Amino acid sequence: MFGNNAKLIYSILEGEPYFSVEPKTGIIVTSWPNMDREARETYLVVVQVEDMLGLTGGYSATTTVTISLMDVNDNGPTFQHNLYTFAISESAPVGTTLGRIMADDGDVGLNAKMNYSLEDLEESSTFTIQTDPDTQEGIVILAQPLDYETKRRFVIAVEAINANIDTRFMNAYEFRDRTTIKITVTNVDEPPIFYETPYNWKVLESAQIGTQVGTVYAKDTDTNNNDIRYSILKSSDTRQMFKIDPSNGTVYVANLLDRETAAWYNLTIDARENSDEQLSSSVSLHITLLDINDNVPTLSQDYQPYVCEDTQAGELIELISATDADDPVDGHHFYFSMIPEKHINPNFTIRDNQDNTASILARRSTFTQHDRTHYHLPVVIRDSGSPILSSTTTLTIRVCACQPSGHCPSGGLEVSLDVSMQILLALSVCLIILAAELLF
């Protein structure tokens, strides 16, 4: 407890030559230069302490100290192979993983983290590489579609570099390594490819049977370059309005067209390889019929005009309009007129309103059912197409004993009888009554 009996002295029983202990303080220090955690990470050091400064008759005790070396970034990544090879099908979708590569790093934790990059700028857009955060592997991924017929092999340089660089232990360039990956694209027999998709054509509705509308074109892009046979899917052309040359894809008019019946056709064209697999593909063909002036204008409805007995000259009898099945680019323009005659119609006239309507006007006054029960008025309608087409429709204008409001009872369907007809009707009624009385 007191004096020399309490003076302690420390020594190492096990742990040399890597560690030593200061005899008086018990501080353990390293005694071996350039210790390497990657070679040995843990040491067990046995320390003895004696009292009486270690003289005979004193007491002693021992303990074991476990010493672990902390890692420093003194190792760079190293690829185990100078070349990695991968194979991928040309039909592989974007995002497909080709494989993994790994650069070894003797360090651990943050010191072992690394990033991978593709060094060949020409090919870096076709593939990408990502670092797996758990395993520190480089994952090679497809970034763009492949085409065996265009490019069959890729040779790309890959670099791995530590994410954390510590130049206290190595030069900066020692924290990276390079390798090469070779990627082989495998061929897949693909169906024909159309040069356009979809096709959009136009043809006049007056096109004759046999008129060429256009040509579709598909090609077998595989190395075999098989011949192609074309056909029109029957369900898309049930009326067989068009036909196609099976050898060259030229489409012809096969039936008389009429835009007013069908303004467009949406066909499906099939292209099939002449091969054992008979791979095929299809494309949409939209054919629009261009209008020609092949329909005459007609009245827009079944007009039943009437003229009141007290109508005055210049009064409006009927406002008429026209319709036409054609569809001109600038819209319809109709012109109304009467049939040219040597003498002017004394009863009615037609005034073209220049807005695709016309007014039927009375030319004179005082129409009576006693004189006439109805009049016939031919109306000529012309369109503005090329060539100009016209039609003539005869309107029947009835004479009506109109109500004070100008309305013709029953829509003008009641036709008054003249005096002679009234007398005959009265006599008939009298005879019927007399015959009835005689019977009873």
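## Pairing of β24 and β26

Strand β24 pairs with strand β26 (residues 316-323) in the antiparallel sense over two bridges, where strands are DSSP runs of E with at least two residues, numbered from the N terminus, and two strands pair if DSSP finds at least two bridges between them. Within this pairing, L299 has A322 of β26 as its bridge partner. The model is a predicted one, in which local features need pLDDT of at least 70 and side-chain atom pairs count only at pLDDT 80 or more, while totals for chains, interfaces and linings use all residues. Residues are numbered from 1 along each chain as its sequence is written, and side-chain values use heavy atoms, with hydrogens and water left out.

Both strands belong to an open sheet of four strands, ordered β24-β26-β29-β28 with antiparallel pairing. Because β24 (298-299) and β28 (348-352) stand at the edges with a single partner strand each, one side of each has no neighbour in the sheet.

## Strands β25, β30 and β31

Strand β31 (residues 390-400) pairs in the parallel sense with strand β25 (residues 306-308) over three bridges, and C308 has C400 in β31 as its bridge partner. Strand β30 (residues 374-382) also pairs with β31, in the antiparallel sense and over nine bridges; here V380 stands opposite T392 of β31.

I381 is found in strand β30 and counts as buried at 0% relative accessibility, where buried means under 20% relative accessible area, exposed over 50% and partly exposed in between, with a 1.4 Å probe and protein chains only. Leaving aside neighbours within four places in sequence, the contacts of I381 (heavy atoms within 4.5 Å) include L299, A322, F334 and L389. Between I381 and E277, which are 104 residues apart in sequence, the C-alpha to C-alpha separation is 63 Å.

## The loop residue D324

D324 is found in the loop between β26 and β27 (335-337). D324 is buried yet has no salt bridge, and R259, the nearest side chain of opposite charge, is 7.1 Å away; a salt bridge requires a side-chain nitrogen of Lys or Arg within 4 Å of a carboxyl oxygen of Asp or Glu.

A polar atom of the D324 side chain lies 2.9 Å from the backbone nitrogen of D326. Apart from neighbours within four places in sequence, D324 is in contact with residues including N293, P297, H332, F334 and D383.

## Salt bridges

The whole structure holds eleven salt bridges. One of them joins the side chains of E260 and R259 at 2.9 Å, N to O, with E260 partly exposed at 24% relative accessibility and R259 buried at 13%. Elsewhere, salt bridges that share partners join R37, E38, E41 and D71 into one network.

R37 is buried at 11% relative accessibility, whereas E38 is partly exposed at 27% and E41 is partly exposed at 41%.

## Recorded domains

UniProt, in an unreviewed entry, places the feature "domain: Cadherin" at residues 3-79, 80-194, 195-299 and 299-411; the positions follow the numbering used here, feature names are shortened, and annotations may be inferred rather than shown by experiment. Over residues 3-79, the chain is 0% helix and 42% strand, with the end C-alpha atoms 64 Å apart; helices are DSSP runs of H or I with at least four residues.

Note on methods: Lys, Arg positive; Asp, Glu negative; His and termini not counted. Polar contact = N/O pair within 3.5 Å; in protein donor to acceptor, adjacent residues only side chain to side chain.
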